[in-house]
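Please keep the sequence and the 3D view side by side while reading.

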Amino acid sequence: MTGAEIQYDAEGGLHHFLTIEGLSRETLLQILDVAETFIDVGHREIKKVPLLRGKTVVNLFFEASTRTRTTFEIAAKRLSADVINLNPLRLSTSKGETVLDTVNNLEAMHTDLFVVRDSYSGAAYLVAQHVPPHVSIINAGDGRHEHPTQAMLDVFTIRQHRPDFDNLKVAIVGDILHSRVARSQIHALKILGAEEIRLIAPKTLLPTEVERLGVTVFNDMKSGLRDVDVVIMLRLQLERMQGSLIASEQEYFNLYGLTQEKLAQARPDVLVMHPGPINRGLEIASEVADGPNSLILSQVTNGIAVRMSVMALLLGGQSMRKEH
Ligand code: CP
């Protein structure tokens, strides 16, 4: 079975959440609509609902993370699940145990859901193939492949401001080659019917034949940003680069860094987004990151409701699915 196929159970409900590619438009809308209902929980004095009481969630992050790991933990706690965060440096994988043996042992402690981040593309899919049928897996970022909950929180944030995707022009800028976020965003925007998806990057930071994904490629910011509704900046993933793919950081910022001057090409009410972590002065100027068009911190806040939605749909049972 492919990553897309094993995500659904026999009744057509979500069982794992591994990739955006292959999901239906109905599934994406269901995640967004359920997330909408959880926004309010964050504004209550007691920020909790009992939906996942008695369920156990393990955050298994083998790569660094601030936003994803923390918002998954907060989301699970707001759903009243018991949450365990494992520090990879203290795990027995550092003594030679395989990841699958680690998962076996944690599953023997009656874990219901693993949230997995790993530097290997396909790691979450491998774990999903291995666990027993009652256990669910969420991909929290696997290598260069996908980061599906990030893309869902991004389209959720866009939809709050621009509900009509039919007329939406989105530019994704920067290191597309190494970006799992860009891959998931492109799939999500395509499935939701965005009018135009532009990729803006130097040729060295674009995958070959990326146009096959149904995007338009630009190598310069001036024409690429013209009249766009949304601009999503990406981090230069220097840790994943083999050899020099940019001439220098200063030249990269001059050509592709988002400044107020370059942003003037876009619509005046353009939404500026970035999945984080941001590198100020490398891919985005502080005046833009902290400016009036920036939604960067709203993306982080929305990540809680969107991750609550995905976990609730995976573990909340038939009643959760029928209600929505
Ligand atoms: N956007 C994102 O994945 O951030 P973290 O690496 O901090 O989780």
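## The sheet

Two strands are said to pair if DSSP finds at least two bridges between them, where strands (E, at least two residues) and helices (H or I, at least four residues) are DSSP runs numbered from the N terminus. The model is predicted, and local features need pLDDT of at least 70, side-chain atom pairs count only at pLDDT 80 or more, and totals for chains, interfaces and linings use all residues. Residues are numbered from 1 along each chain as its sequence is written, and side-chain values use heavy atoms, with hydrogens and water left out.

Strand β1 (residues 56-61) pairs with β2 in the parallel sense over five bridges, and L60 has L86 in β2 as its bridge partner. Four strands in the order β2-β1-β3-β4 make up an open sheet with parallel pairing, in which β2 (82-86) and β4 (136-142) are the edge strands, each pairing on one side only.

## The pocket

The largest pocket has a volume of about 420 Å³; a pocket is, on a 1 Å grid over the protein atoms alone, an open set of points where a 1.4 Å probe fits, with protein on both sides within 12 Å along at least five of seven lines, and lining residues have an atom within 4 Å of a point. The volume is the space filled by probe spheres set on the points, which are joined across faces, edges and corners.

Of the 21 lining residues, R117, R180, R235, G276 and P277 are the closest to the centre of the largest pocket. Helices α2 (67-78) and α6 (180-191) each supply at least two residues of this lining.
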